[in-house]
Amino acid sequence: MPRITLVIGIAGTLFFNMAAQFSYAQENTADNESFDSVWDDDWGEDTYNSTKNINVASFSGFTETLYGSRLSNSEFHKKTSIEDIRLRLETKLDIYSVNIVSKGDIYYDGVLDDWRGNFRELRLDYSWKQTDLKVGRQVLTWGTGDFLFLNDFFPKDWQSFFSGRDDEYLKASSNAVKLSLYSSIINTDFVWVPKFEPDNYVRGDYYSFFNPLSNSISAPNLEANEPDNSEFAIRLFKTINSYELGGYFYRGYFKSPNGFSERGELEFSRLQSLGFSVRGQAGDGLINLETSYLNSLDDKEGNDPLISNSQFRFLIGYEQELRERLTASTQIYLERTLKYNQLVESSFNPTIEPNENRTLLTLRLGWRSRNDKLRLSLFTFYSPSDSDSYWRPSVNYRVDDHWNVSFGGNVFEGKDENTFFSQLDDNENLFLRVRYNY
Amino acid sequence: MKLKKITQCVILSVLAAAQSAVAQVDDEHARSIVQQAEMASYYAGNDGRSLARMIITDGNGQKQIRQFTILRQDVEDRGDQNLMVFFSRPSDVRDTVFRVLKHTTQDDDRWLYLPGLDLVKRISAGDKRTSFVGSHFFYEDVSGRNTEEDYFELLEENDEFYTIKAVPKNLSSVEFTHYIVNIEKSSMLPRKIEFYDAKDRLYRRVESLKIENIDGHPTVLHSRVEDLLNGGATEMQFRFVEYDLGLPETLFSERSLRTPPRRWLKIKG
C-alpha cells in the first residue's frame with residue numbers, strides 16, 4: 001500500500017510540475033520575443049508592494065517526494081527508512097502594520113502509513129519603534145553551534161534530521177511569544193512558550209536505539225509524560241567591533257525524556273541553564289565560542305539515579321574558505337557531567353552511564369560549483385570519548401528555479417551499542433529527495 | 001660554488017621583479033578617474049534603495065530569475081558601507097536576507113538569514129570573485145572592487161570616454177590578467193569593462209546598457225555581464241531607485257535580518 005501511494009505521489013508531483021513547467025516555458029518564449037516588455041510589466045513585488053493597507057502575497061511553496069532505504073536489514077523495521085510526499089503552502093498577509101505569516105505542510109508519511117498536516121509557522125508579527133513582537137507558531141533558533149546546541153532549547157526534530165528530510169526540519173516549531181527589544185546598550189529577546197514543547201526525539205516508530213531498561217537495542221514506542229508547564233528563555237546580545245556577543249538564560253525542561261517517575265514512567269525533568277557565546281573573524285576565517293551550564297533542578301546533588309545530572313557544555317569552532325568555493329569548518333565540543341561520582345555511586349548500572357566528559361569533534365566540508373547549481377557537502381561527527389561517529393554526505397543539484405534534487409546518507413559507526421551515534425547503527429540509510437518549488 | 005649560483009639566482013630574480021615593477025604603469029590621473037567612477041557607481045548619495053532583478057541565462061539558453069531589494073548606507077564615501085539584500089524571488093530563496101558590512105582595509109563581515117531555520121549564519125570572508133547567487137555577476141561586481149588592488153593606466157581619452165587599463169597588483173588573487181574599462185565622461189560611470197585571461201583572451205564583458213539621472217545621480221538601470229567563453233549571460237535591471245532616504249544606521253543589524261524593516265522596503269508605486 002505505501003509503495004502504491006508513493007508512485008501516485010510521484011506521478012502527481014510530476015503532473016503538477018509539468019503543468020507549471022508549461023506555463024513557465026510560455027513565459028520564457030515571451031522573454032525571448034520581447035525581453036523588455038516582460039521585464040517592464042511584471043515585477044510582482046507582492047510582498048512589499050504599494051502603500052495599500054492590506055496586502056496578500058501570492059501562494060508559494062513546494063511539492064516534494066522523499067524516499068530513503070536502510071543500508072542493512074533491521075529486525076525491528078522494514079527496509080524503507082523514510083517515505084514522504086509533501087505539499088507546502090506559504091503565504092503572507094499585511095493588515096496595516098500587522099504581518100501574518102503562514103506556512104503549512106500536508107504530507108503522507110509512508111513509514112507510519114498516515115496522512116499528516118501541520119502549520120510550520122502561523123504567526124502575527126508587529127513592530128513598533130525598537131520593539132518586535134512575534135506571536136503564534138514559529139521556528140526559533142539562536143546560538144553559534146553548527147548542528148550543536150548549547151543554549152538553544154527550542155525543539156529539534158531528530159527523527160527528521162537522521163532520516164534525510166531537509167535541514168530546515170531539524171528545527172521544529174513552537175507555539176510561542178517572542179518579544180525583542182533593541183537599544184544601543186543591549187538587545188534582548190524574551191521567549192515564552194506557554195506549554196512545554198519537547199524535541200521530536202528518537203522513537204521506535206522510526207528507529208531502533210539502545211534502551212537502558214532492557215539494556216539492549218530495541219524499538220519501543222516510548223511515550224513520555226509531557227509537562228503542561230511553560231518555558232521561558234532570554235537572550236541578551238550585542239555586537240562590538242564585529243564580534244557578536246550573546247548571553248542566554250533558559251528555564252524549563254530537558255527537551256528529551258531524561259528521567260523516570262517513581263511509577264516507572266518516562267519524564268522530562270526540570271532544567272535551568274545559563275550560557276554565553278562570542279562569534280567573529282579571526283585570521284582568514286570565523287571563530288565561535290559558546291558555553292552553557294545546565295542545572296538539573298530535580299537532581300541538583302546528582303545522586304538521583306533516575307534523573308540526569310547537571311552539565312557543563314563548551315564549544316569552540318572555526319570556519320574558513322580553503323580555496324575557491326570550498327569551505328571547511330570544524331568544532332570541538334565538550335559535555336561534562338557534573339557530580340559524576342554521585343551519579344556512578346547511585347547508578348543501577350554504572351557501565352551504561354555516559355562518560356564524565358563526552359567529547360565531540362565535527363568537520364564540515366562544503367563545495368559548490370561555479371554556477372552555484374551543484375553543492376557537495378559532508379558533515380561528520382566523531383566522538384573520541386564514545387568512539388563513535390556519524391557521517392552526513394549529501395549532493396544537491398538545483399536544476400533551475402523550480403527543480404531541486406538531493407541525494408545523501410546517514411551513516412553511524414561505533415563499537416559500543418549504548419553510545420549516542422553507535423546505537424543508531426541499524427538505521428543507516430540513503431535517501432533521494434526531489435523537490436519542485438512554485 | 002653552490003652559494004655563488006644561489007646568489008646569482010637571487011640577483012636575477014630581484015632584477016626581474018624590478019623590471020616588471022618598472023613596466024607596471026600606475027598613473028595618478030587614471031587612478032583619480034577610476035576613483036571618481038567608483039564614487040559614482042557605488043557611493044551616490046548617503047544611502048539608497050532599489051529593486052533589482054536578474055535574468056540568468058546559461059550556455060544552453062536555460063533561464064533563471066532572481067529578484068531582490070537592496071538597501072545601502074555609506075559609513076564614509078569610498079570607505080566602509082552597509083548593504084542588505086532582501087530576496088523575494090524565486091520561491092526557494094524568498095525571505096532570505098544577505099547582509100554585508102563592507103570594509104576597505106579588512107575583510108568584509110557577511111551574514112545570511114535562512115528563514116526556514118530562523119538561522120542567522122555568519123559567512124567567512126571568501127573569494128569575492130565567485131558567483132553572486134548563481135548569476136554571472138561576482139560579489140565584487142555588486143559591492144565594488146577596491147581600487148587599491150589594481151594599477152591603472154590611461155590608454156585613450158576622447159570627448160566621450162576615458163579608456164583605462166587595469167592590472168591587478170596580486171595576479172594570483174584573481175582570474176584575469178588585466179581589464180579595460182571605458183568610463184563615460186558625462187556620467188563618470190563605467191560603460192563597458194572587458195576582462196582578459198592568462199592567454200590574453202577576452203572572456204568576460206560587463207556593460208551598462210541604460211543610464212538615467214535620478215535625484216541628480218547618474219544611475220545604471222540596466223546592465224549585462226557576458227561569459228564569452230561558455231556563452232551565458234546575466235542581465236540586471238534596477239527599478240524604484242531612490243537616494244538619501246535617511247535610512248537609520250540601526251537598520252543594518254541582526255534585527256533587520258530576522259524581521260525585515262517593511263517600512264523601508266515598501267515601494268511607493
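Two strands pair if DSSP finds at least two bridges between them. Helices (H or I, at least four residues) and strands (E, at least two) are DSSP runs, numbered from the N terminus. This is a predicted model, in which local features need pLDDT of at least 70 and side-chain atom pairs count only at pLDDT 80 or more, while totals for chains, interfaces and linings use all residues. Residues are numbered from 1 along each chain as its sequence is written, and chains are lettered from A and ligands numbered from 1 in the order in which they are written.

**Stop 1: a sheet in chain A**

Select A224(A) and then L266(A), which stands opposite in strand 15 of chain A. Strand 11 and strand 15 (residues 266-267) of chain A pair in the parallel sense over 2 bridges.

**Stop 2: chain B as a whole**

Now show chain B, which has 5 helices and 13 strands. Its C-alpha atoms fill a box of roughly 75 × 50 × 45 Å along the principal axes. Of its 269 residues, 31% are buried (20 or more other C-beta atoms within 10 Å of the residue's own; exposed means 12 or fewer, partly exposed in between, with C-beta atoms placed from the backbone).

**Stop 3: helix 2 of chain B**

Select residues 28-42 of chain B, which are helix 2. The expected span of a helix is 1.5 Å times one less than its number of residues. The 15 residues of helix 2 of chain B should therefore span 21 Å, and its end C-alpha atoms are 21 Å apart, which agrees.

Which residues of helix 2 of chain B are buried? They are A30(B), I33(B), V34(B) and A37(B). These cover an arc of only 95° around the axis, so they sit on the same side of helix 2 of chain B; the arc is that of the directions from the helix axis to the C-beta atoms. An α-helix has 3.6 residues a turn, so residues three or four places apart point the same way. On the face turned away from the buried side, look for the exposed residues E28(B) and S32(B).

The buried residues of helix 2 of chain B pack against strand 7 (150-157), strand 8, strand 9 and strand 10 of chain B.

**Stop 4: the largest nonpolar core**

A nonpolar core is a set of buried Ala, Val, Leu, Ile, Met, Phe, Trp, Tyr and Cys residues joined through C-beta atoms within 7 Å. Of the 25 residues in the largest one, I33(B), V34(B), I164(B), V181(B) and I183(B) touch the most other members. Helix 2 of chain B supplies the largest share of this core, 4 residues.

Pick V181(B). Leaving aside neighbours within four places in sequence, V181(B) is in contact (C-beta atoms, placed from the backbone, within 7 Å) with I164(B), A166(B), P190(B) and I193(B).

**Stop 5: strand 13 of chain B**

Select residues 233-243 of chain B, which are strand 13. Strand 1 of chain B pairs with strand 13 of chain B in the antiparallel sense over 9 bridges; L51(B) stands opposite R239(B) there. Strand 12 of chain B also pairs with strand 13 of chain B in the antiparallel sense, over 5 bridges, and the bridge partner of H222(B) is Q237(B). Strands 12 and 13 of chain B form a hairpin with 5 residues between them, and G231(B) in the turn has a positive phi of about 90°.

**Stop 6: where the chains meet**

Finally, show both chains. The contact takes 44 residues from chain A and 37 residues from chain B. Strand 18 of chain A gives the most to the side of chain A that touches chain B, with 3 residues.

Methods:
Contact = placed C-beta atoms within 7 Å.
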